[in-house]
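Me: I would like to learn how to read a few features of a protein model. Can we go through them one at a time?

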Amino acid sequence: MTLGSNDSDLALADKPDIAPVNAVDPHLKTFFARGGKLLLVDGWADTSVPPKVAINYYKAVVTKTGAKAVQESMRCCMVPGMGHGHGTNGEENFNYDALGVIEQWKKTGEAPDELIFDHYKNGMQVGRRLVCQYPKVPTYKGSGNTEDPASFVCK
C-alpha cells in the first residue's frame, strides 16, 4: 500500500484498527462518567502539531460531551513558548509533573485552573512560568521577574 497526499490518507488513518492510537474522538462522556480526568497540554510554539489542533479538539469535546462534563473532568492548557512536548533538554523547554497534577485532582476533586511549569534553557532551570486553562493566557502584571509566576495573572 502506498500513501500519498490525498483524502485517502485520512480515511486510512481513521480505520477502526488504528483507533487505539488515533486519539481524535471528542466523545469522552463514557471516560468522564467513570471518573476519568484529561489534562490536555500543548505549546503555543509547537511546530509539529500546530496549537490550533489542540484548541479545536478541546472545543470539539465541549461540543460533543457538554460544557459541564468538560468543566469537571478536562483541562486544556496552552504553554507560552513551549514547543512539541515538555522536558528539560533543548534550547528552550518547559517541564511539569502531569501525573502529580492528575493524582492531586482525583484526590481532592479540585480541577487545576492554573499550573506552574519549570522553565529550562539548554538543560538548566532558569525560572518558572504560570500556565492557564484555555482560553485564558498568562498576562504580565507590569512589574516583577518574568521568570516568576507571581508576576503574571490568568486573563
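Me: Is Glu147 buried or exposed?
Reply: This is a predicted model, so every value here is computed from predicted coordinates. For burial, look at relative accessible area; under 20% counts as buried. Glu147 has 18%, so Glu147 is buried.

Me: Which residue forms a salt bridge with Glu147?
Reply: Look for a side-chain nitrogen of Lys or Arg within 4 Å of a carboxyl oxygen of Asp or Glu. Here the partner is Arg129, with the closest N and O atoms 2.9 Å apart. Arg129 sits in strand 5, while Glu147 is in the loop between strand 6 (138–140) and strand 7. The two are 18 residues apart, and the pair links distant parts of the chain. Arg129 has a relative accessible area of 22%, so Arg129 is partly exposed.

Me: How many salt bridges does the count come to?
Reply: The count comes to 5. Among them is Arg75 with Asp113, at 3.1 Å from N to O. Arg75 lies in strand 2 (residues 74–79), and Asp113 in the loop between helix 5 (98–108) and strand 4, so this pair ties together parts 38 residues apart in sequence. Arg75 is buried at 2% relative accessible area, whereas Asp113 is partly exposed at 41%.

Me: Which residue does Arg128 form a salt bridge with?
Reply: The partner is Asp118, and the closest N and O atoms are 3.0 Å apart. Arg128 belongs to strand 5 and Asp118 to strand 4, 10 residues away. Arg128 is partly exposed, at 39% relative accessibility.

Me: In what order do the strands of the open sheet come?
Reply: Start with the general idea. Strands of a sheet pair through backbone hydrogen bonds, either parallel or antiparallel. In this model, 3 strands form an open sheet in the order 3-4-5, with antiparallel pairing. Strand 3 (93–95) and strand 5 are the edge strands, each pairing on one side only. From one strand to the next, the twist averages 35 degrees.

Me: How many bridges join strand 3 to strand 4?
Reply: There are 3 bridges, and the two strands run antiparallel. Strand 4 covers residues 114–121. For a specific contact, take Phe94: the bridge partner of Phe94 in strand 4 is His119.

Me: Now cysteines. How many disulfides does a search of the whole structure find?
Reply: A disulfide is a covalent bond between the sulfur atoms of two cysteines. The search finds 1. Cys132 is joined to Cys154, with 2.1 Å from S to S. Cys132 lies in strand 5 (residues 124–132) and Cys154 in strand 7 (residues 152–154), so the bond ties together parts 22 residues apart in sequence. Both cysteines, Cys132 and Cys154, are buried.

Me: Why is the disulfide of Cys132 and Cys154 left-handed?
Reply: Read the torsion about the S-S bond. For Cys132 and Cys154 that torsion is about -90 degrees, so the disulfide is left-handed.

Terms used: Residues are numbered from 1 along each chain as its sequence is written. This is a predicted model: local features need pLDDT of at least 70, side-chain atom pairs count only at pLDDT 80 or more; totals for chains, interfaces and linings use all residues. Side-chain values use heavy atoms; hydrogens and water are left out. A disulfide is a pair of cysteine sulfur atoms within 2.5 Å. Helices (H or I, at least four residues) and strands (E, at least two) are DSSP runs, numbered from the N terminus. Buried means under 20% relative accessible area, exposed over 50%, partly exposed in between (1.4 Å probe, protein chains only). Two strands pair if DSSP finds at least two bridges between them. Axes are lines fitted to C-alpha atoms, for helices over the stretch in contact, and angles run from 0 to 180 degrees between N-to-C directions.
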